Amino acid sequence: MKIKEEHILDFNKASLETHNDSFDFLSSKLSKNGHDVQGIISRLADFQVAIPSWALGAGGTRFGRFSFFGEPSSLEQKIEDVGVLHSLTQTAGAVSLHIPWDIPSDYNAIKEKADALDIKFDAVNSNTFQDQKNAKETYKYGSLSNTSQAVREQAIQHNLDVIKIGDKLGSKALTVWLADGSCFPGQNNFQTAFQNTQDSLIDIYKGLPDDWKMLVEYKPYEPNFYSTVIQDWGASLMLANGCGDKAYTLVDLGHHLPNSNIEQIVSILQLKGKLGGFHFNDSKYGDDDLTVGSIKPYALFLIFNELVYGMANNPQNPDLAWMIDASHNVKDPLEDLIQSLEAIQEAYAKALLIDQAALRAAQIDNDVVKCQEILQGAYRTDVRPLLERARLGRGGALSPIQAYRSLDVRNSLIKERGKNTVATGL
Ligand code: LRH
Ligand code: MN
């Protein structure tokens, strides 16, 4: 399924006048306040977020999984679905593959398909949290941290294989997330598990091409419920530092204990030049993998405030990997991802409206009230006309969700694929 550009242009006609009115009103107000509106629009248009290949079908929990029908049953169909998201939003110009769930059968064909849809291959993800058929060793008691050298070597080799797969597709980063940990006190020797993980990551790091990054993802719990080897940003940072300059910390927003100050973590990792990228999602309790901005939009805005500050003041930190990591239990996966892309763009646009110089001055003066007024003044601005204009400029839909529905995309996918296709992934 490919959405024709003329169908989107037709769809936009009905709301173009409304968009122009609200855009003209907002941009004149912003220009009067000294904002570079065109500069903001081009930063929004250039901001591309990678879609997780494992989240294009229905997610599920141990209690059940409810399909949406018309799910992609091959990597080719997954790339097509990312193409649908990108044609509507013009901000989903990349895909992040999970191996072995998405091993290409024909590398050239898959690259041609992605190129034709203007989709790049972002970080590739290894998987040593599930046993593969005919695997010699099991990861039941861990992978890179396992007490068994044979298990560690199998996991290291898998990561080296994932790098090779990514390299053939033009990817430039490996994401390592480990489920490794324990469910009961006394089950693990924490130091041995951590040191085994460090030594294993160093062996993987040696296999990284020069222009690649290794992104070390942390998580406090699940599927282990007493300890996790890479439990928090500190553990990830120590392991990344133990590997070398090409290793960084990846921040999955759902991988924090309640009320963690994620924007402070992001700020300090940038200061240390060790922030590698994000898995955007939202959560109320645990690693709920909900739609970005659906539960804590202000927290996301505060994170983007630190990112905008960091992008201006921390040249020591590399360009970041922007990725979504979500799971869809009750929403159409494509609608869910469209809403997430919108929330990310909205948080970024609002953060770009923060007068960083005025905020800095108020901070130095300890004018606490003014600091909040500056932040919330930006946050309370309805920036949607800016997002619309950024999309419009690239041939996208003024309202991607409405376009998705009025173009009846899901039913077209069901007609094409039937009702029984199941996407690989979580
Ligand atoms: C772990 C995680 C990790 C992925 C998996 C699909 O919770 O966030 O990024 O490998 O989800
Ligand atoms: Mn993640």
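Colleague: Which residues form a nonpolar patch on the surface here?

Modeller: Y221, F225 and L257 do, and together they have about 320 Å² of accessible area. L257 sits in the loop between β9 (247-252) and α8 (262-271). Keep in mind that this is a predicted model.

Colleague: Let's turn to the ligand. Which residues surround ligand 1?

Modeller: The list runs W54, H98, F129, W177, E217, K219, D252, H255, H279, D287, D325 and L426. In H98, an N or O atom of the side chain is 2.8 Å from an oxygen atom of ligand 1. For H255, a polar side-chain atom lies 3.2 Å from an oxygen atom of the ligand. H279 also has a side-chain N or O atom 3.2 Å from a ligand oxygen.

Colleague: How much of the accessible area of ligand 1 does the protein cover?

Modeller: On its own, ligand 1 has 300 Å² of accessible area, and the protein covers 96% of that.

Colleague: Now E71. Is E71 buried or exposed?

Modeller: The general idea is that a residue counts as buried under 20% relative accessible area. E71 has 1% relative accessibility, so it is buried. As for its place in the chain, E71 belongs to the loop between β1 (50-52) and α3 (75-89).

Colleague: What lies 3.0 Å from a polar atom of the E71 side chain?

Modeller: That is the backbone nitrogen of A423. E71 is also in contact with other residues beyond its neighbours within four places in sequence, among them G57, A58, R65, Q77, R410 and R417. T421 and V422 are on that contact list too, along with A423.

Colleague: And K111, is that buried, exposed or partly exposed?

Modeller: Partly exposed covers the range between the buried limit of 20% and the exposed limit of 50%. K111 counts as partly exposed because its relative accessibility is 29%. Leaving out residues up to four places away in sequence, K111 touches F121, K168 and L169. Take the pair K111 and F121: they are ten residues apart along the chain, and their C-alpha atoms are separated by 8.8 Å.

Colleague: How about a whole helix? Which residues of α13 are buried?

Modeller: In helix α13 (residues 384-392), the buried ones are P385, L386, L387, E388, A390 and R391. Then ask what they pack against: α1 (5-32), α2 (37-46), α3, α10 (333-352) and α14 (400-406).

Colleague: Next, the backbone. Where are cis peptide bonds found?

Modeller: Omega is the angle to look at. One cis peptide bond joins I99 and P100, with omega about 15°. P100 lies in the loop between β2 (94-96) and α4. Another joins E222 and P223, where omega is about 10°. P223 falls in the loop between β7 (213-217) and β8 (227-228).

Colleague: What about phi of E222?

Modeller: E222 has a positive phi of about 75°, although it is not a glycine. E222 lies in the loop between β7 and β8, and with a relative accessible area of 35% it is partly exposed.

Notes:
Residues are numbered from 1 along each chain as its sequence is written. Chains are lettered from A and ligands numbered from 1 in the order in which they are written. This is a predicted model: local features need pLDDT of at least 70, side-chain atom pairs count only at pLDDT 80 or more; totals for chains, interfaces and linings use all residues. Side-chain values use heavy atoms; hydrogens and water are left out. Helices (H or I, at least four residues) and strands (E, at least two) are DSSP runs, numbered from the N terminus. Buried means under 20% relative accessible area, exposed over 50%, partly exposed in between (1.4 Å probe, protein chains only). A polar contact is a pair of N or O atoms within 3.5 Å; within protein, one must be able to donate a hydrogen and the other to accept it, and residues adjacent in sequence count only if both atoms are side-chain atoms. Contact means heavy atoms within 4.5 Å. Patches are made of residues with over 30% relative accessible area and no salt bridge: like charges are joined within 9 Å, nonpolar side chains (Val, Leu, Ile, Met, Phe, Trp, Tyr) within 5 Å. Accessible areas come from the Shrake-Rupley method with a 1.4 Å probe; for residues, only the protein chains shown count as cover. A salt bridge is a side-chain nitrogen of Lys or Arg within 4 Å of a carboxyl oxygen of Asp or Glu. A residue is near a molecule or strand if one of its heavy atoms lies within 4 Å of it.
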